[in-house]
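This briefing sets out selected features of one protein chain, grouped by topic. Please read it alongside the sequence and the coordinates.

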Amino acid sequence: MNRLLFRLLAFVAAGLFAGACAAQPPHKVSLSYDVSYNGIVAAEMIEVLEHDGKHFSLTSEGRGKGIGALLYRGAAKRTCRGEITNAGLRPLEYRDQRGDKPANVARFDWVRKTLTQEHDGKNETTDMVLPLQDRLSFLYNYAFQTAPDLKPGKEIKITLTDGKGLTQFQYNVAGSELLKTPAGELETIRLVKQRDSKEDRGTEIWFASGRDYLPVRVLLIEKDGVRIDQVLTHIGN
């Protein structure tokens with residue numbers, strides 16, 4: 001069960017910007033989510049975005065809730081820091097730590113176009129595969145774009161790192177949708193990950209088009225049909 005709760009707390013990682021003239025969210029935003037397992041809330045997650053228009057930091061921390069709090073008392077924490085450029089968020093360091101285990105770390109060298117990943121006592125440096133982001137900053141990318149190109153049918157190809165390896169994804173823009181959440185009804189744009197086979201994990205992401213394109217729901221569908229659903233409950237400062 002502990003293994004399951006770690007997956008609940010950190011599943012977004014699996015799934016997952018601009019210069020001064022571009023639209024940007026408030027300098028500090030806190031988003032709270034409930035994470036459910038087949039409809040039963042088992043964890044809560046709080047994500048905090050901070051930026052000064054040039055640099056950003058992201059923190060995501062999940063803990064057991066309800067029955068999940070009884071079965072697991074640890075936390076899953078991810079952090080990311082980097083720069084805001086005309087091309088978007090440019091992460092410099094990403095860390096993913098689950099409980100007391102050593103963190104998986106990804107460090108980005110945009111001058112040399114290399115990525116260094118630290119995990120399981122290993123240190124590996126590879127060439128970047130562009131476009132490249134980590135699994136946390138990807139979710140906040142559209143919050144810093146003046147006019148995100150999210151027209152229905154558009155294909156979005158991205159390479160993501162989790163500190164252990166690189167995975168290439170393709171998302172398709174499914175269109176707009178009025179999403180009901182505990183935080184209220186939100187106009188959203190939904191992205192759906194292309195599944196290459198029946199064994200591939202499904203992922204859907206909802207971005208609030210009227211709230212700076214912040215991520216308000218992430219749904220993970222495992223190959224066995226298990227649904228892990230992260231839904232916004234509150235937005236604050």
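Predicted model: local features only at pLDDT ≥ 70, side-chain atom pairs only at ≥ 80, totals over all residues.

In which strand is the place of glycine 88? Glycine 88 belongs to strand 5.

**Buried residues and their contacts**

- Glycine 88 has a relative accessibility of 2% and therefore counts as buried, the limit being under 20%.
- Histidine 51 is part of strand 2, and its relative accessible area of 7% makes it a buried residue.
- The side chain of histidine 51 has a polar atom 2.8 Å from the backbone oxygen of proline 25.
- A polar atom of the histidine 51 side chain also lies 3.1 Å from the backbone nitrogen of glycine 53.
- Apart from neighbours within four places in sequence, histidine 51 is in contact with Gln24, Pro25, Pro26, His27, Phe56, Ile84 and Phe144.
- Serine 60 is found in strand 3 and is buried, with a relative accessible area of 2%.
- Between the side chains of serine 60 and glutamate 47 there is a polar contact of 3.0 Å.
- Beyond its neighbours within four places in sequence, serine 60 is in contact with residues including Met45, Ile46, Glu47 and Leu136.

- Strand 1 (residues 28-37) pairs with strand 2 (residues 40-51) in the antiparallel sense, over 10 bridges.
- Within this pairing, leucine 31 has glutamate 47 of strand 2 as its bridge partner.
- Strand 2 is in turn joined to strand 3 (residues 55-64) by 9 bridges, and these two strands run antiparallel.
- Glutamate 50 stands opposite serine 57, a residue of strand 3.
- The hairpin of strand 2 and strand 3 has 3 residues between the strands, and glycine 53 takes a positive phi near 95° in this hairpin.

- Strand 5 and strand 6 (residues 104-109) run antiparallel and are joined by 4 bridges.
- The bridge partner of glutamate 93 is arginine 107, in strand 6.
- With 5 residues between the strands, the hairpin of strand 5 and strand 6 contains glycine 99, whose phi is positive and near 65°.
- Strand 6 is also joined to strand 7 (residues 114-119), in the antiparallel sense, by 5 bridges.
- Phenylalanine 108 has leucine 115 of strand 7 as its bridge partner.
- In the hairpin of strand 6 and strand 7, where 4 residues lie between the strands, lysine 113 takes a positive phi near 60°.

**Backbone geometry in the loops**

- Most residues other than glycine have a negative phi, and most peptide bonds are trans.
- Asparagine 38 has a positive phi, near 50°, and is a residue other than glycine.
- Asparagine 38 is located in the loop between strand 1 and strand 2, a hairpin with 2 residues between the strands.
- With 44% relative accessibility, asparagine 38 counts as partly exposed.
- Aspartate 212, likewise a residue other than glycine, has a positive phi near 60°.
- The loop that holds aspartate 212 runs between strand 13 (202-208) and strand 14 (214-221), and this residue is partly exposed at a relative accessible area of 30%.
- The peptide bond from leucine 130 to proline 131 is cis, with omega near -5°.
- Proline 131 occupies the loop between strand 8 (122-127) and strand 9.

**The second largest pocket**

- The second largest pocket holds about 370 Å³ of space.
- Its lining consists of 19 residues, and those that lie nearest the centre are Ala87, Pro131, Gln133, Asn141 and Ile158.
- Strand 5 (88-98), strand 9 (132-134) and strand 10 (155-161) are the elements that give two or more residues to this lining.
- Strand 10 gives the most, with 4 residues.
- By residue class, the lining of the second largest pocket divides into 9 nonpolar, 5 polar and 5 charged residues.

Key: Residues numbered from 1 in each chain as written. Heavy atoms only, no water. 1 Å grid on protein atoms, 1.4 Å probe; cavity = no way out; pocket = protein on both sides within 12 Å on 5 of 7 lines; lining within 4 Å. Points joined across faces, edges and corners; volume = space filled by probe spheres on them. Nonpolar A, V, L, I, M, F, W, Y, C, P; charged D, E, K, R; others polar. Pairing = 2+ DSSP bridges. Buried < 20%, exposed > 50% of the residue type's maximum accessible area, 1.4 Å probe, protein only. Polar contact = N/O pair within 3.5 Å; in protein donor to acceptor, adjacent residues only side chain to side chain. Contact = heavy atoms within 4.5 Å.
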